[in-house]
Every structure is written in structure tokens, then in C-alpha cells.
Amino acid sequence: MNDKIYQKMLLRRRFCKRVFLMVTAFGLFFYASVLLFGDLKTPRIMHLTELETCPACYGISVCPELYSNQIILESSHRWMGIFNAKNIYYGFTKSNRRVVLKKLSHDWELKEFDSKICKEWHLKHNCKPIHLLNASNMNEKIIELVQYNLSFPDMEPRKGLVLCPYAYSIYDLVQPVLNNKKSNYRSDMINLWTMLSINPEPVILQIIPKSHGWPVPAYGGVCGRIEVVAYEGESLSSLLHVAWHRKLKYAKKILDAAMDFTFKHDRFRFYFMDWSLDNIVANEKDEITFIDLEDVIVLDKHISPGKDLPDWYRRYTRDIIGSGFTFSVENMCIHHLSDHNLWAACYLLAGDDSPLLYPIPKEVHTLRPHFHRLLEECLHGDDRFRTVTKLQHVITDMLMDEKIVGFGVIR
Ligand SMILES: Nc1ncnc2c1ncn2[C@@H]1O[C@H](COP(=O)(O)OP(=O)(O)O)[C@@H](O)[C@H]1O
Ligand SMILES: [Mg+2]
């Protein structure tokens, strides 16, 4: 009798075990196939955009395209969400243009930002983002923020926009951004405040747009906490194997960009703080694009300097001795012109840290021995404006030399 009961129990237990294993296996299979092949585009995009954080978001200009599947996430990257610490996603438009979707911050940074909003705006501790629309002191909040970023510019990592020497230039700076909008002024201002706090990239991309010849990504728009930009190519750090004359082409364009960011805008200078071969990409036509515009110092060159800026009309030449990528934001901000971009560009080409142009092939060195000297002068000399102009001419000349660019391709 006991034996029978025992056998029954054993059978039931086995049965339960099998059912449990089958359900688990089915669940895992279902989850994996949905993740890899399933049509989760819309919900995933919705999840990525975090529209519920608006108006404390970047805006909504590209939401219609995202929500009507005009922009589709690339399937091979769909599963990357789980591991994608950098929060970069790739996609395609209906016209087959590759795009990059950027959250512009790590998830933990966004969480931290969200947790401080109510206090920041003097609202109840459990306030909802929508309550920000009732705030009355928006203009002061924006000035206050720029002022804050300006008072602690050397804090690392820098967050948000640094505009100097005076915070009040902000309204002239963001004019193109506000002009692009036809919608609600209040939410536009909160969007602006959010971008200036988290990552000013979408603002910068509208002030110096690719359509006006700036070497930055074409701006697609923003939706919630996502920015959409055109895919502009591969990082130079992954192109170090290419023929040397192509590196020389990149070098010329890097120097041109350094000059443009310093001189081309009528009113502002843009000093890039994150010069690295990871942050510059090149396409198949060897055109280069600066893709990471988070850490930029914007200088208004048309201010009337007060007593606090006795050296404003003097040039600031980088005077920090020692190797590595170091600079003084404070000094850049109290002089009307600084050679920071030029020094940084030369450092990328010829500095201590896997320089783009080194080693210079022997044949090239024999043909143009002064080229190396000019690069050294750019790193260590005291008139980089003159040296970079010379370098631009010398490189243009080298790029027309058959012996350097011609058939015997030098690597
Ligand atoms: N417009 C773009 N075109 C091509 N690749 C891009 C673009 N934007 C970002 N990427 C890729 O994503 C990486 C990270 O983007 P980035 O803006 O530099 O963010 P992070 O602040 O994490 O460095 C880049 O190194 C580059 O490989
Ligand atoms: Mg980067």
C-alpha cells in the first residue's frame, strides 16, 4: 500500500518537474525570439524616448517620425539596449539614411537629474514634470544655470553648457534654437533648460548646423530624451590602418575645423574640450565630422569687457607645461582669443598620445623635412595661428604631390 502511494507521489513530482521545465524553456524561447526577431519597434522606441519626462526633456520635434515608424531601429542593435552603457542606438529612415539615436547621458545620470528636479524648481517633493509648466521664473533659471556652469568650469566631468565670459549672452546664443520652434514658449524654455543642464549637443547642432558648412552631424531633431542625428561615418580611432595620405587628408580637415570653430562664427567661438580620435568620424569621401559636442566652451567675442576682464583684448596662448591633454578653462574665458583649438588639433596629429600622423613615412620625411618641424612648432611654439596657417598650406601642397598621394601609396 505504502509503496503505491510513494510511487504515485514520485510520478506526480516528475510530472510537475517536467511541466515546470517545459514552461521555463518555452518562456525563455519566447522571450529570446521576441527580443531577436519580434516586432517591438514601437514599444521599444517609446521606452527609449521616455516621453513621460517631458517637458523636462529635449523636445518633441522628431516624435512624429519615430512614432510612425519613419525611423526604425536597426535590428542587430535591438538587443544591445541591455548592455549599451553609452546609450547609443542606430537606425534607418524610410529613405534608407542611417541615423544615430543618442540619449546623451548615462541612465544613472538621467535618474539623478530627475530626482533633483522638484527641489531645483522649488516644487513639492513629489511633483510631476508637467508641474514645471507653472513655474514663473524660467528666464532666471536659465541664466542661473549658465552662471553656475561658468562658476565651476573646471569641475570634472563638466556637465552642461559653459558660456563665457558673461551668462547674459545665452539668449543671443540660443536665438536660432528658439526661432526654429513654433510651439509653446514655456515648454520650449524648459526643454532648453534641460538640454543646457544635461547635454547641450542638440542646442550646439542648431547653432552651427551642418547645412552652413560646419563639420558636425546633420541634426534630425529630438523626441523626449532621444536626439536623432545622421550617421556620419567611422571613428578615426578605428581607421588608423588606412594609407598615410588619407590620414593627411583628415589632418588637413582637422586643422580647418580648429580654425573654423575659433573664427568662423560672427559672434561666438567654440572651444572643444573633448578632442579625441573617438569623437571624430570620417565617411567614404574622407569628410570628417565632430560627433561629440557635449563638452564645448562657448565664448562671446562681442561683449563689452568690465573691470573684471582687464586682459580681455590680449590673446591667451596655452602656457601649461607638461604632457597630456590639459588646459585652463578659466584663462580661455577671460581672453577674447585663445589658441586652444589649434593646440588641441596639433596634439591629436602629433602629440604624445597615439598621434594620427606618426610615424611619418621615411619617404615623406625625406621629401618634406620641414613638415615634422612645423608640427613640433605647433605643439611647442608660441604663435600657433601662424604655424597652423603654414601647416594648412604645406599639407595642401603635399596632397597634390603624386609622390605622396600617387600610386606608390605610403602607409
Ligand atoms: N553622428 C554619428 N555618426 C557616426 N557615429 C556616431 C555618431 N554619433 C555617435 N557615434 C558613435 O557613438 C560613439 C559614442 O558617441 P559620443 O557622442 O561620442 O558619446 P560619448 O559621450 O559616450 O562619448 C562614438 O564614438 C561613435 O562611434
Ligand atoms: Mg565620445
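**Ligand, sheet and loops**

Colleague: How many Å separate a polar side-chain atom of D292 from an oxygen atom of ligand 1?

Modeller: I count a polar contact as a pair of N or O atoms within 3.5 Å; within protein, one must be able to donate a hydrogen and the other to accept it, and residues adjacent in sequence count only if both atoms are side-chain atoms. Between the polar side-chain atom of D292 and the ligand 1 oxygen the distance is 3.1 Å.

Colleague: What kind of model is this, predicted or experimental?

Modeller: Residues are numbered from 1 along each chain as written, chains are lettered from A and ligands numbered from 1 in written order, and side-chain values use heavy atoms, without hydrogens and water. Local features need pLDDT of at least 70, side-chain atom pairs count only at pLDDT 80 or more, and totals for chains, interfaces and linings use all residues, since the model is predicted.

Colleague: Which residue has a polar side-chain atom 3.4 Å from an oxygen atom of ligand 1?

Modeller: N279 also places a polar side-chain atom by a ligand 1 oxygen, at 3.1 Å. The 3.4 Å pair involves S235.

Colleague: What percentage of ligand 1's area does the protein bury?

Modeller: Areas here are Shrake-Rupley values with a 1.4 Å probe. On its own, ligand 1 exposes 550 Å², and the share buried by the protein is 83%.

Colleague: Which strands each supply at least two residues of the shell around ligand 1?

Modeller: There are 16 residues around the ligand, with K102, A230, E232, N279 and D292 coming nearest; a residue is near if one of its heavy atoms lies within 4 Å. Strands (E, at least two residues) and helices (H or I, at least four) are DSSP runs numbered from the N terminus. At least two shell residues each come from β2, β3 and β6.

Colleague: What is the average twist from one strand to the next in the five-stranded sheet?

Modeller: The sheet is open, its order is β1-β2-β3-β6-β5, and its pairing is antiparallel; strands pair if DSSP finds at least two bridges between them. Its edges, β1 (71-73) and β5, each pair on one side only. From strand to strand, using axes fitted to C-alpha atoms, the twist averages 30°.

Colleague: Which residue of β2 stands opposite I71?

Modeller: β1 and β2 (residues 88-93) are joined in the antiparallel sense by three bridges. Across from I71 you will find T93.

Colleague: Is E50 buried or exposed?

Modeller: E50 sits in the loop between α2 and α3 and has a positive phi, near 50°. Buried means under 20% relative accessible area, exposed over 50%, and partly exposed in between (1.4 Å probe, protein chains only). Because its relative accessibility is 16%, E50 counts as buried.

Colleague: Which residue's backbone oxygen lies 2.7 Å from a polar side-chain atom of R225?

Modeller: R225 lies in the loop between β5 (219-223) and β6 (226-230), and it is buried because its relative accessible area is 0%. Beyond four places in sequence, its contacts (heavy atoms within 4.5 Å) include T49, E50 and D114. The backbone oxygen at 2.7 Å belongs to A56.

Terms used:
Axes are lines fitted to C-alpha atoms, for helices over the stretch in contact, and angles run from 0 to 180 degrees between N-to-C directions.
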